[in-house]
Amino acid sequence: MVRSVAGLNILVAIIYNRHICRNNEGVRVIRVAVTPDLVLDDEMYELARYALSWCAPEQVEGFTWERFVTRESWTLVPDVENPDIPFFKAEFVIKLAAPWQQTVKLNVWHSADVRRDGAPLPHSHPWNFRGYVLLGGYEEDRYELSGGQVEAQPGQVHLAGMVNNVPLTTFHEVRRVLVPDRTLSLMDCDLGIKNAWGYLDPDTGVYTPCIKSEVDARFKPLMLARNPHLRK
Ligand SMILES: [Fe+2]
């Protein structure tokens, strides 16, 4: 279908759930429904590409629009406490390869990252990372374990343009997403430590490695159900 709008010939192609617009200068994709619930657009792509240009410049050339809107690029991360929602975040691992000095991931946030309904169960990560907020924002509760005591820093707000530094020793939960489905962040992670993920019970100070957690036992089947391309 071809339309004339403001002197431009705009070709609107609808392929499944994809809405693609072209102008006289060439292909210009505005918005793509990668899944019914994961909708990406060219502003998100350009911001991600810009962030990559200074944190992992060697990745920019391979970070194409086609790769950005390919379903298999994305993992829909399920919310074990709310299995009816399609994902709490969608994740695109842009860089993860030997020698593992740096991992880079892109996240589109739908809702909070909480893993024990009604009570905090913050998690750690196996690497120091910087979370660059590119669009929207989120609110995070942070916890540190110091000398057997848990120190809480609730309600940390991270908005577009800010950097969230998360060291190995920090446990956290994203409690609220300020702009659901259009909060975009890029994780720039240092060298990881194998199986160093874990959960902290803030009430007791007890640490449980993810690999021994019942949360992960519920998480993995849901993850594979939502992401058939990961079943290999
Ligand atoms: Fe996290």
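A residue counts as buried here if 20 or more other C-beta atoms lie within 10 Å of its own. Keep that cut-off at hand; the model is predicted.

**Stop one: helix H1.** Select residues 42-55. H1 has 14 residues and reaches 20 Å from its first C-alpha to its last, close to the 20 Å expected at 1.5 Å a residue. Now colour Tyr45, Ala48, Ala51 and Leu52, the buried residues of H1. They cover an arc of only 130° around the axis, which puts them on the same side of H1. The face away from the buried side carries the exposed residues Glu46, Ser53 and Trp54.

**Stop two: what H1 packs on.** Show strand S5 (38-41), helix H2 (65-68), S7, S8, S9 and S14; the buried residues of H1 pack against these.

**Stop three: the core.** The largest nonpolar core has 36 residues. Ala48 and Ala51 are among those with the most contacts inside it, as are Leu40, Ala90, Ile94, Leu134 and Leu186. H1 supplies at least two residues of this core, and so does each of several strands, including S4 (26-35) and S6 (74-77). Centre on Ala90. Leaving out residues up to four places away in sequence, Ala90 touches Leu38, Trp74, Thr75, Leu76, Val77 and Val108.

**Stop four: the open sheet.** Select three strands in the order S11-S10-S13; their pairing is antiparallel. S11 (149-159) and S13 (170-177) are at the edges with a single partner strand each, so one side of each has no neighbour in the sheet. The twist averages 20° from one strand to the next. Zoom to S10 (residues 137-146), joined to S11 by nine bridges. Finish at Glu144, which stands opposite Glu151 in S11.

Conventions: Residues are numbered from 1 along each chain as its sequence is written. This is a predicted model: local features need pLDDT of at least 70, side-chain atom pairs count only at pLDDT 80 or more; totals for chains, interfaces and linings use all residues. Two strands pair if DSSP finds at least two bridges between them. Helices (H or I, at least four residues) and strands (E, at least two) are DSSP runs, numbered from the N terminus. Axes are lines fitted to C-alpha atoms, for helices over the stretch in contact, and angles run from 0 to 180 degrees between N-to-C directions. A nonpolar core is a set of buried Ala, Val, Leu, Ile, Met, Phe, Trp, Tyr and Cys residues joined through C-beta atoms within 7 Å. A residue is buried if 20 or more other C-beta atoms lie within 10 Å of its own, exposed if 12 or fewer, and partly exposed in between; C-beta atoms are placed from the backbone. Two residues are in contact if their C-beta atoms, placed from the backbone, lie within 7 Å. The expected span of a helix is 1.5 Å times one less than its number of residues. The arc is that of the directions from the helix axis to the C-beta atoms.
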